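Hi,

Here is the model I said I'd pass along. Have a look, and my notes follow below.

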Amino acid sequence: MKISKTAAYKTFTAPLVSANPIAVAVLGICSALAVTTQVLPSIVMMLAMTFVLASSNVVISLLRNYIPKNIRIIVELVVIASLVILADQLLKAFLYDVSKQLSVFVSLIVTNCIIMGRAEAFALGNGPWLSFWDGLGNGLGYGYILVVVSAFRELLGAGTLLGFQIVPDAAYAAGYVDMGLMVLAPGVFITIGLLVWLQNKWTGR
Amino acid sequence: MSSNIKSFIFAFVMCCVVGLLLTLAAEGLKPLQARNMLVDQQKNILRALGIMQSTDKWSKDQVLAVYTNTVESIYVDAAGSLVEQPSDADLPMYVIRDGASIQRYAIPFKAYGLWSWIHGYIALDGDASTVVGMSVYKHAETPGLGGECDKPWFLNQFIDKKIRKPNGQLVSVGVVKGKVADTIASDQQAYYVDGMSGATITGVGIERDLRTTLQQYEGFASALLKEKQS
C-alpha cells in the first residue's frame, strides 16, 4: 500500500493545508499575534505547540475509554496544562533566552483553542496512533504559518531574519526605513489575512 | 458504583499521578534553571560594566569564568561604607577593582514603565559621574515601543553620559521625548538620551526611577570621591 493511502498519512496532511487550524479554521490567532515578531521564537513556539498537541492527543486517546463523561473537559484540561508546564520547565532549563522572549505565551498554550479542539473532536473518538498523527499535523500546520508570518514581519519590520541582517546597510544609507507597522499587531492581521486569501485561492474554496 | 463516585476516584487518582510527575520534572530541572538564571544575571552585569558587548555571544562557562575573575559583589549602607553582613536596608553593588581602588561599579535598578517593572543594571566609572554602560534584563513593555528599552541602540546611548554636574550635583540621565540633538541645548546634551518613539511613559519611568536609585547610592558616591581625593 502506498504511504499516501494510509489513514495516518491523511490524518497528518489534512491540517497542513486543507484543514489548517490558522488559515482555514482561524483558531489560535492570539498566540500567532504575539510571538511572531521574530522567527526564532516562532520556531520554538511551533515545537512546543507540536509537542503538547501530539502528546495530549495520545494521552487523551489512551484514556478515552476510562474518562468519565461528566468530567471529561476537566480531565482534558489537566492533561494539557500539565504538558504545557512540562514544556515550559524544559524551555527554562535548556533554551533560557528563548523562554525569556516567549515569556507568558508558553503557559498560554493551555488556552490555545486548537489543543482543546483536537482533544474533543479527534482524540476522544480515535486510537492513539491516529491521534498522534493528527496532533503532529495540527501542530506543524499551526507552526509553519507562524514561521511564515514571522519571516515576513522580521524581514520587513527589522530587516533581519533569525537575527542576521538581511537588508544591507547601503539601503538604510539610501533612505530605506524599516516598516514599524509590521512589528505591531496590525502587521499580523494584514499578513494572516493575505495568507488566508492565498490559501483559499489555492484550495479553491 | 455510581458514576459520581467513579468520577471522584478518577479525578483523585489523576491529580496524584500528574502532581507527582510534574514535581519530579520541576525538581529534576531546577539545578539547570538556577544556573541559567545566574548566568543571565551575570551576563547583564558584565554588559553594564562594559566588559561584554551586546554583540558578543559567550558560552555559559565563559560568562561564569569572566564574572568570577573580574567582578566582586558587595553591599554598602546608606552612608556608603562596606557591610559584611547585609540586611534588607543595605544596597547591593557589583564592583571591579584596580588594585585596591574601585575602577567601576554596577548598581541594580528597577523602573516602572507603562505596564511593568523594568529591571536592569547601570554601571558608573570610578569618578561616580560617568556612565560606563547599562543593561535591562526583564520587562513587559510593548514590543516595538517600550520594549525597545532592552535594545542595544537605546542602552548604548547611556555610555559616556554624565550623571553629575561639574560642581558635583547629581542630575541623573534624562530620557527626552524625541531626539536629544533637537530638543536639548548643546551644553546639556551629556545628561540626556534619545527617547523611544511611542513610549513616552516608559522613558519617563526610567528617568524618574533611575534618579531615585542613583540618589540612594549618593552616600557611597561621596565616600568614593573623598577617598579618591585624599
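Which strands does helix H5 of chain B lie across? Helix H5 (residues 200-216) of chain B lies across S3, S4 and S5 of chain B, running at about 135° to S4(B). Helices (H or I, at least four residues) and strands (E, at least two) are DSSP runs numbered from the N terminus, and axes are lines fitted to C-alpha atoms, for helices over the stretch in contact, with angles from 0 to 180 degrees between N-to-C directions.

Before going on: this is a predicted model, where local features need pLDDT of at least 70, side-chain atom pairs count only at pLDDT 80 or more, and totals for chains, interfaces and linings use all residues. Residues are numbered from 1 along each chain as its sequence is written, while chains are lettered from A and ligands numbered from 1 in the order in which they are written.

Now the sheet in chain B. Its 6 strands run S2-S1-S3-S4-S5-S6, open and antiparallel (strands pair if DSSP finds at least two bridges between them). Strand S2 (82-83) and strand S6 (131-138) of chain B are the edges, each pairing on one side only. S6(B) pairs with strand S5 (residues 117-125) of chain B over 6 bridges, with B:Gly120 opposite B:Val136.

Over in chain A, helix H3 (residues 39-63) and helix H4 (residues 72-94) have axes that come within 9 Å and cross at roughly 145°. Residues meeting there (C-beta atoms, placed from the backbone, within 7 Å) include A:Phe51 in H3(A) and A:Leu83 in H4(A).

Cheers

Methods: Contact = placed C-beta atoms within 7 Å.
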